[in-house]
Amino acid sequence: MLSYAARRAVTPVARCARTYATEAAASGAGKLRLNFVVPHQSLLKNYEATQVNLSSSEGDMGILAEHVPTIAQLKAGIIEVFSATEKPQRFFASGGFAIINPDSTLNINAVEAVPVEDIDVDAARRALEEATRRAATGDVTAKIEVEVFESMVAAAQK
């Protein structure tokens, strides 16, 4: 929280009227624009989505146009992207951040992400078994790998 002196030094920002996401969707006033990137490529750029579902450290989120501006840390899991004109797209992301802006743009910056249909379930299970063995010896990195591979196997089986 800003101190009184610091608040006085900050230029006031114009207040935007916010609504609940369901009210915004019903009114059709805004469109959700999605930019979904990983370090080596852009998976979706300026994509018009009707809804995006993702798992954050604070819980699962369903994001529509006019969503309250938020920054969320992503957990390993599925990111579902819905569009009015295309079939839903499902990606597995190992982690990252989602930034919801006041202008209804959603920027997802993932460490790694792949379409769910590209996951080799058998390879993910083998990697999970190996990481579990290493985690039992106290390997901290392996414990993180266990969490990611468990999420990956679960995502691929849905």
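1. Ser56 is buried, with a relative accessible area of 1%, where buried stands for under 20% relative accessible area, exposed for over 50% and partly exposed for what lies in between, using a 1.4 Å probe and protein chains only. This residue has its place in strand β3, residues 51-56, and its side chain reaches the backbone oxygen of Gly59 at 2.8 Å; a polar contact of this kind is a pair of N or O atoms within 3.5 Å, where within protein one must be able to donate a hydrogen and the other to accept it, and where residues adjacent in sequence count only if both atoms are side-chain atoms. Not counting residues up to four places away in sequence, Ser56 touches Met61, Ala72, Gln73, Leu74 and Lys75, contact meaning heavy atoms within 4.5 Å.

2. A word on the basis of these values: this is a predicted model, in which local features need pLDDT of at least 70 and side-chain atom pairs count only at pLDDT 80 or more, while totals for chains, interfaces and linings use all residues. Residues are numbered from 1 along each chain as its sequence is written, and side-chain values use heavy atoms, with hydrogens and water left out.

3. As to the overall layout, the protein has 4 helices and 10 strands, these being DSSP runs numbered from the N terminus, with H or I and at least four residues for helices, and E and at least two for strands. Along the sequence the pattern reads α-α-β-β-β-β-β-β-β-β-β-β-α-α. Of the 158 residues, 34% count as buried, and among contacts between residues at least 6 apart in sequence, 53% join residues at least 24 apart. The accessible surface of the protein comes to about 9900 Å², of which 55% belongs to carbon and sulfur atoms; such areas come from the Shrake-Rupley method with a 1.4 Å probe, and for residues only the protein chains shown count as cover.

4. Which residues touch the most other members of the largest nonpolar core? Within this core of 24 residues they are Val52 and Ile108, and strand β1 gives the most to the core, with 4 residues. The term nonpolar core denotes a set of buried Ala, Val, Leu, Ile, Met, Phe, Trp, Tyr and Cys residues joined through side-chain atoms within 4.5 Å. Leaving aside its neighbours within four places in sequence, Ile108 is in contact with residues including Leu34, Phe36, Val52, Leu54, Leu74 and Phe97. A second, separate core of 10 residues includes Phe92, Val116, Val148 and Val153.

5. Asn109, found in strand β9 (residues 105-110), is partly exposed, with a relative accessible area of 35%. Setting aside residues up to four places away in sequence, Asn109 touches Val37, Gly95, Gly96, Phe97 and Ile99.

6. Helix α4 (residues 140-157) has 18 residues and reaches 26 Å from its first C-alpha to its last, close to the 26 Å expected at 1.5 Å a residue, the expected span being 1.5 Å times one less than the number of residues. Its buried residues include Ala142, Val146, Val148 and Met152, and what covers the buried residues of α4 includes β6 (77-82), β7 (89-93) and α3 (121-136).

7. The structure holds 6 salt bridges, each a side-chain nitrogen of Lys or Arg within 4 Å of a carboxyl oxygen of Asp or Glu. In one of them the side chains of Arg33 and Glu48 meet at 3.2 Å, N to O; Arg33 lies in strand β1 (residues 32-38) and Glu48 in strand β2 (residues 41-49), so the pair ties together parts that are 15 residues apart in sequence. Another joins Glu80 and Arg90 at 3.9 Å, N to O, and because Glu80 lies in strand β6 and Arg90 in strand β7, this pair ties together parts that are 10 residues apart in sequence.

8. Glu130 forms a salt bridge with Arg133, the closest N and O atoms being 3.0 Å apart, and these two residues, 3 apart in helix α3, are separated by about one helical turn. Glu130 is partly exposed at 33% relative accessible area, whereas Arg133 is exposed at 52%. Salt bridges that share partners also join Arg134, Asp139 and Glu145 into one network.
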